[in-house]
Amino acid sequence: MTTFSSLERTALVDQLNSELFDVVIIGGGITGAGIALDAVTRGLKTALVEMQDFASGTSSRSTKLVHGGLRYLKQFEIKEVAELGKERAIVYENGPHVTTPERMLLPFHTGGTFGSFSTAIGLQVYDFLAGVKKSERRTMLNVEQTLKQAPLVKKEGLQGSGMYVEYRTDDARLTIEVMKAAAEKGAFILNYATAEGFVYNDQNKISGVQVRDTIADQQFTIQAKKVINAAGPWVDEVKNMDGHSAGKHLILSKGIHLVFDQSVFPLHQAIYFDTPDKRMIFAIPREGKAYVGTTDTFYEGVPKEMQITEADRTYILDSIKFMFPEVQVTEDDVESSWAGVRPLIHEDGKNPSEISRKDEIWESEKGLITIAGGKLTGYRKMAETVINKVVQQLSNETGRKYPRSITKHFPISGGDIGGSSNYKRFIQQSVERGQALGFTERESRHLAALYGSNVEKVFTIPYEPVTDMPRILYVKLRYAIEQEMAVKPTDFFIRRTGDLYFHMANVTAGKSDVLNEMAAILGWTEAEKSKYEQELDEEIRKATTVI
């Protein structure tokens, strides 16, 4: 087990700078995390660097669904649907605390994308291809049954609906838990570490990565036999550092989501629905909120600087009014929002919704292995495929044999609770344990659901704040810093807790305490504290305003 603590960054950098690795991965989203876990569990000495925080790009800005891509049936991507559908159940079993079955309603109206026949056949084919278990197979509902399930849905032209199961997830926490699992097995992983260039051997092949620790503003070098570019929206930038600009390249698709309190949008049933221009988006209930998205438009700017525009917001609000005419939400009702990009592999003449989500792997003349495309749902299989390529090369070069991937039945960090069938029992036992240690029933349930089998570590953190911050906030913060490598308040409020998207009131109430506590724990200067406070304020502004 290697360290995954912000308090041990210096020691970790020293190790990265002094040892030879079998593989180094550039990119700390879900794809990179999955690759790190697959590699280290096969016996490869593994390193990973991420220029921002883990999951800070696409992997914290998705629709937060582990889903099988039902709409890809329309594009006849049969293999993709079959593979993604099967992977949903694997992701769920390996981390039941971060993935939850969600019954999804697909209403069909006169003149809509789907009709009664196409919905019934489509969902039946989907069930077959995805190997959906009997209890989660599709059911068809008439108009009366549909309105009983979702009374807010537009009644005019309603013909009925199909009900099927998808899986809701916390995409950022899923990424963090996979990353922690890799660290627990021995991977060396560092955030805020930017790849700035490559090192080459006598044969002009890549033999390492020049990296800058942007927290300490220190450059170091990681020596590695193989380098994998899993940088998501920044894949082309990493390729260009290798002088490899020809061939396949990415095109970015922008997606945005708006969050409402259920007091103004009383949504209690997840719905996949038509928009006025025949695109389809999701409306999903979560923790007393309802979030709606995503849009799908080409984006040519810098991903880190992306914001929601007034046109983006209007599109979602108009779509809500179109499908839920009784819901009178306005821009003033938007509590929070997020914007993200999907890195798609360019296909001439296709709009964002038509471009395939298939992943592809290619290698430069100098040995840089790049993986791009794909979906959150398929992260584990993508990782298996790219590491298959790496171990084949290493075997050819050294004669050493490596085992096959074991991640199909490998619980991620926090997921070691005896499988999904034991989840409810685990939660109840954790609630009793938390209450015995002085947490309320609600706090205990929340912590157990958030951290899974790691909750005992959280429950037993000594309560020693420098401020009078609430105990539950304190233990979450200490755990995030000491065992989840949170470096900044933005890491904590966005990717370790999700509060900035779904519980903005928690951010407002806890902002000062978190800043003071992190400053004391991490030894910030006043200038550093001010800088991190400004970064948090900027993220709050982005989530609550448009341009």
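Biologist: Is Asp 217 buried or exposed?

Modeller: This is a predicted model. Asp 217 lies in the loop between strand 9 (206–213) and strand 10 (218–229). Exposed means over 50% relative accessible area. Asp 217 has a relative accessibility of 55%, so the residue counts as exposed.

Biologist: What is the phi of Asp 217?

Modeller: Most residues other than glycine have a negative phi. Asp 217 sits in the turn of a hairpin formed by strand 9 and strand 10, with four residues between them. Its phi is positive, in a residue other than glycine, and near 50°.

Biologist: How many bridges join strand 9 to strand 10?

Modeller: The two strands run antiparallel. The number of bridges joining strand 9 to strand 10 is six.

Biologist: Which residue in strand 9 stands opposite Tyr 200?

Modeller: Strand 8 and strand 9 pair in the antiparallel sense, over seven bridges. They form a hairpin with five residues between the strands, where Asn 204 takes a positive phi near 60°. The residue in strand 9 opposite Tyr 200 is Ile 206.

Biologist: How many residues of strand 9 are buried?

Modeller: Buried means under 20% relative accessible area. Strand 9 has eight residues and is mostly covered. The buried ones number six.

Biologist: How far apart in space are Val 199 and Phe 260?

Modeller: Val 199 is found in strand 8 (residues 193–200). Leaving aside neighbours within four places in sequence, its contacts include Ile 206, Val 209 and Thr 221. Phe 260 is 61 residues from Val 199 in sequence. In space, C-alpha to C-alpha, the two are apart by 49 Å.

Biologist: Is Met 485 buried or exposed?

Modeller: Met 485 lies in the loop between helix 13 (471–483) and helix 14 (489–496). Its phi is positive, near 55°. The relative accessible area of Met 485 is 0%, so the residue is buried.

Biologist: Is Gln 52 buried or exposed?

Modeller: Gln 52 is found in the loop between strand 2 (46–49) and strand 3 (65–66). Not counting residues up to four places away in sequence, Gln 52 touches Asn 191, Tyr 192, Trp 234 and Lys 304. Its relative accessible area is 16%, and therefore Gln 52 is buried.

Biologist: What is the accessible area of the nonpolar patch with Phe 117, Ile 121 and Val 125?

Modeller: Phe 117 has its place in helix 4 (residues 116–130). Phe 117 is exposed, with a relative accessible area of 65%. With Ile 121 and Val 125, Phe 117 forms the patch on the surface. Together their accessible area is about 290 Å².

Biologist: Is the peptide bond from Gly 293 to Thr 294 cis or trans?

Modeller: Most peptide bonds are trans. Thr 294 lies in the loop between strand 14 (289–293) and strand 15 (297–299). The bond from Gly 293 to Thr 294 has omega near 20° and is cis.

Technical notes: Residues numbered from 1 in each chain as written. Predicted model: local features only at pLDDT ≥ 70, side-chain atom pairs only at ≥ 80, totals over all residues. Heavy atoms only, no water. Patch = residues over 30% accessible without salt bridge, like charges linked within 9 Å, V, L, I, M, F, W, Y side chains within 5 Å. Areas by Shrake-Rupley, 256 points an atom, 1.4 Å probe, with all protein chains shown as cover. Salt bridge = Lys/Arg side-chain N within 4 Å of Asp/Glu carboxyl O. Buried < 20%, exposed > 50% of the residue type's maximum accessible area, 1.4 Å probe, protein only. Contact = heavy atoms within 4.5 Å. Pairing = 2+ DSSP bridges.
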